[in-house]
Number of protein chains: 2
Amino acid sequence: MKNIQSYIQDHKKRFLNELIELLKIPSISADSAYKNDVLKTAEAVKHSLEKAGCDVVEICKTDGNPIVYGEKTINPKLPTVLVYGHYDVQPADPIELWTSPPFEPIIKKTDLHPEGAIFARGACDDKGQMYMHVKALEFMVTTNQLPCNVKFMIEGEEEVGSKNLGTFVKNNRDKLKNDVILISDTGMIANDVPSITTGLRGLSYVEVEVTGPNRDLHSGLYGGAVANPINILTKMIASLHDENNHITIPGFYDKVEELSKEERTEMAKAPFSLDAYKKALQINDVYGELGYTTNERNSIRPTLDVNGIWGGYTGEGAKTVIASKAFAKISMRLVPHQDWEEITELFTKHFTSIAPVAVTVKVTPHHGGQGYVTPIDNIGYQAASKAYQQTFGKKPIPQRSGGSIPIVALFEEELKSKTILMGFGLDSDAIHSPNEHFGVFNYLKGIETIPYFYKYFTELSK
Amino acid sequence: MKNIQSYIQDHKKRFLNELIELLKIPSISADSAYKNDVLKTAEAVKHSLEKAGCDVVEICKTDGNPIVYGEKTINPKLPTVLVYGHYDVQPADPIELWTSPPFEPIIKKTDLHPEGAIFARGACDDKGQMYMHVKALEFMVTTNQLPCNVKFMIEGEEEVGSKNLGTFVKNNRDKLKNDVILISDTGMIANDVPSITTGLRGLSYVEVEVTGPNRDLHSGLYGGAVANPINILTKMIASLHDENNHITIPGFYDKVEELSKEERTEMAKAPFSLDAYKKALQINDVYGELGYTTNERNSIRPTLDVNGIWGGYTGEGAKTVIASKAFAKISMRLVPHQDWEEITELFTKHFTSIAPVAVTVKVTPHHGGQGYVTPIDNIGYQAASKAYQQTFGKKPIPQRSGGSIPIVALFEEELKSKTILMGFGLDSDAIHSPNEHFGVFNYLKGIETIPYFYKYFTELSK
């Protein structure tokens, strides 16, 4: 790729400013109050693809937020890369913990990002990583170095379970026809330890509601005599893990893929410092399933986490009340072969069965998706590996991620092509948290690495 | 008492309107946003005491909300009744469950209140019951039938633990000197089953905070590898009760008063229908400590209830986050001989001790108070009993209440006099809940009964 580094240097300021403009729009898909910002963001992505050189760009309506589609075909005989990303972001709360407003992007230096990092909701997940692909295309088109065809599919519902993407994919198999799917929505181990994500966890996300008495009660007059929905909810949730932190839902582990001793030994080679991990999170100790390391617990093992809980009086001061209802949002991360719909059913059946007769329980599934594994002998993975070697001077480490991109399994099923996860973020980028950020180094390194993927993938496809 | 019934009939409309005006002021002591309404309410109570015939009325400053003091001395040789009540109210949330706005009082008929009931926050607890005493005084003064001296002490912090009342009482022992303390802040069994509360439970109210990682984390990248503060909090709270619903805090039951078989048999005579109880709350079953009846569980036994819990994402939709912190408000109802400060210490020590090393725990005591028992051989109780017989035509049943008026134990300690709890509310009045109300019958019956208490107490004191 000729002049790529100089091109990036010459246009660095603009690349950053364009991303900053995109980050200013609060495209929070979980909260309908931001509907217009979501649509505004889709428009902005459309324009950026047109400017980057796509021949065809369109905003495709869905039953939810629209999908931005773009393509640049140079020769039907050449391979086609389909880029997937999302322009929606997570809610920003707890807002008070942000050191700068989540939608007023600012570049600040950090220990891990001496060249500075862009602080904003969505900086890394996924506006920043998605936009690297737009700028990589701009470079290849402007310098006449695009070696193959490219398609973009940028959705606006990833953070709420890609509700409508499945239907869109099913209805547009030809339009989306491709030889490999390229996604930057994951991370790498460190800026000097490049890695490629070869596995993703599946997800089942449910909301539970426990109802006791038909109204809030005075805890003095009724305390001790009626089931307190909050006390009951804590008992029910607590019982979902045993003393070894195994999940107690019958059948939960039946289909879990057990890795061989060799595979686990291979995984264990990835550089990892437990002390640094604890220090970064300011925790005295880690906590998890007996018999597995930290890196195994958050990648090859399924989990059950309460993501939110609420009930009763949560305001200032004290209120002696027994609430009528208590609620929790619970998500389970799944590993390959666990079917998310089956797990959701197992959870619902079990959770309802453990409720005492004194309360009623409602379980509402939010969304879910299957896990995924990329074989490293596939040419897409090899092209990515060579691209990282070119720009980082190091062979990347294949790594299982604990995160989920539910739609990836569906892509393979519907489009019959493999997905390559070239993530340039770091675990410390605080995605889904206050002060999310994305390193300037990572952003530019992504723009530099992506064109090499196109180059090597085209060569290996011959 | 001459003409009391006709006096009440003649002034019924005004008695109701005056109370309705008082109920319109949202004197929520738990929320500092209502500070001015609290002060406005104190002023209104002051004026009502002046109009009712007190010689001296003053608003006494404290470090918190002021205390309204009033007195009417007719002859220092005669006994003095000290009336205690409170003008502050509970928060109104969940506001959406009110069928009419909590601070726009309205009179509606109900099955239990065919003559209508006043619906408003504070209607029963305690503005309505406190104001009965003001109107009873008006009657006795206007008709020259006040048989003894009377003092009023109406505070504005009862719903937040009477923070400053203790100091006020300690500093004003002479001013508050009395022969009996009269309080209407409890209930009776039914409008045709009068009862007098002879026992109150103590209270320890704490807030707990569990902290895991130093920031909210992505539940995919960290799920299963770090302690989730919400999961941990549920485990910790769940462990506070064993499988028989006994509280597991070491030493918690050490000083609990165990009632004799005879006393429990006596208690069991109070009319009670478990079916009606379950039907009223729309629950399939009751729930509580093994070996005790519903009426024992909520009166002679201590309890531990979560009054509020919160943590993580509680908004619309789904957020895959592991929260940095989780919180709960927990209150324990105590029985006579359990010391609330000792129990608070036991709780704090135990709760901290059961936290896994992977999290840190903070326990903040909110407030508390001791339990109380009124001996029924005391002349105050006998005067009250005769008063009910006079106006209800039935001997009232002595009854232990599950509620707490923490300050009562302190009154006895500091002022060396017994407290008589003449409550006219019903359990179904929904105090501390949406749609709190107070029967018009109960309000007027209270105004009618109170003067007889003065009469008989004065006679029995001779």
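User: Hi! When H1(A) passes H3(A), is the crossing left-handed or right-handed?

Analyst: Hello! This is a predicted model, and in it H1(A) passes H3(A) in a right-handed crossing.

User: Which residues of H1(A) and of H3(A) make the contact?

Analyst: From H1(A) the contact uses Ile4(A), Tyr7(A), Arg14(A), Phe15(A), Glu18(A), Leu19(A), Leu22(A) and Leu23(A). H3(A) brings Lys127(A), Gly128(A), Met130(A), Tyr131(A), Lys135(A), Glu138(A), Phe139(A) and Thr142(A).

User: And how many of those in the contact of H1(A) with H3(A) are nonpolar, polar or charged?

Analyst: There are nine nonpolar, two polar and five charged residues in that contact.

User: At what angle do the axes of H1 and H3 of chain A cross?

Analyst: Roughly 140°, and the axes come within 10 Å. Helix H1 covers residues 4–23 of chain A, and helix H3 covers residues 127–142.

User: Why are H1(A) and H3(A) called oblique to each other?

Analyst: Their axes cross at roughly 140°. Angles over 145 degrees count as roughly antiparallel and 65 to 115 as roughly perpendicular, so H1(A) and H3(A) are oblique to each other.

User: Got it. Which residues does the cis peptide bond near 0° in chain A join, the one that ends at Asp126(A)?

Analyst: That peptide bond runs from Asp125(A) to Asp126(A), with omega near 0°. Asp126(A) sits in the loop between strand S5 (117–119) and H3 of chain A.

User: What about the peptide bond from Asp93(B) to Pro94(B), cis or trans?

Analyst: Cis, with omega near 0°. Pro94(B) belongs to the loop between strand S3 (80–86) and strand S4 (106–108) of chain B.

User: New topic: Thr62(B). Where does Thr62(B) lie?

Analyst: You'll find Thr62(B) in the loop between strand S1 (56–60) and strand S2 (67–72) of chain B.

User: Is Thr62(B) buried or exposed?

Analyst: Buried: the relative accessible area of Thr62(B) is 19%, and the cut-off for buried is under 20%.

User: Which backbone nitrogen does the side chain of Thr62(B) reach?

Analyst: The side chain of Thr62(B) reaches the backbone nitrogen of Gly64(B) at 2.8 Å. A polar atom of that side chain also lies 2.9 Å from the backbone oxygen of Asn65(B). Not counting residues up to four places away in sequence, Thr62(B) touches Ile67(B) and Asn164(B).

User: Let's go back to chain A. Where is the place of Pro194(A)?

Analyst: Pro194(A) is in the loop between strand S7 (180–183) and strand S8 (195–200) of chain A. With 2% relative accessibility, Pro194(A) counts as buried.

User: What is Pro194(A) in contact with, leaving aside its neighbours within four places in sequence?

Analyst: Pro194(A) is in contact with Met188(A), Tyr388(A), Phe392(A), Lys394(A), Lys395(A), Pro396(A) and Ile397(A). As for Thr391(A), Pro194(A) is 197 residues from it in sequence, and the two are 10.0 Å apart in space, C-alpha to C-alpha.

User: Last one: what is the phi of Lys416(A)?

Analyst: Lys416(A) has a positive phi of about 55°, although this residue is not a glycine. Lys416(A) lies in the loop between helix H12 (407–415) and strand S17 (419–421) of chain A, and at 67% relative accessibility counts as exposed.

User: And what about phi for Lys416(B)?

Analyst: Lys416(B) has a positive phi of about 55° and is not a glycine. The loop that holds Lys416(B) is between helix H12 (407–415) and strand S17 (419–421) of chain B. Lys416(B) is exposed, with a relative accessible area of 68%.

Methods: Residues are numbered from 1 along each chain as its sequence is written. Chains are lettered from A and ligands numbered from 1 in the order in which they are written. This is a predicted model: local features need pLDDT of at least 70, side-chain atom pairs count only at pLDDT 80 or more; totals for chains, interfaces and linings use all residues. Side-chain values use heavy atoms; hydrogens and water are left out. Axes are lines fitted to C-alpha atoms, for helices over the stretch in contact, and angles run from 0 to 180 degrees between N-to-C directions. Helices (H or I, at least four residues) and strands (E, at least two) are DSSP runs, numbered from the N terminus. Angles under 35 degrees count as roughly parallel, over 145 as roughly antiparallel, 65 to 115 as roughly perpendicular and the rest as oblique. A crossing is left-handed if the near helix is turned anticlockwise from the far one by less than a right angle, and right-handed if clockwise. Contact means heavy atoms within 4.5 Å. Ala, Val, Leu, Ile, Met, Phe, Trp, Tyr, Cys and Pro count as nonpolar, Asp, Glu, Lys and Arg as charged, and the others, Gly among them, as polar. Buried means under 20% relative accessible area, exposed over 50%, partly exposed in between (1.4 Å probe, protein chains only). A polar contact is a pair of N or O atoms within 3.5 Å; within protein, one must be able to donate a hydrogen and the other to accept it, and residues adjacent in sequence count only if both atoms are side-chain atoms.
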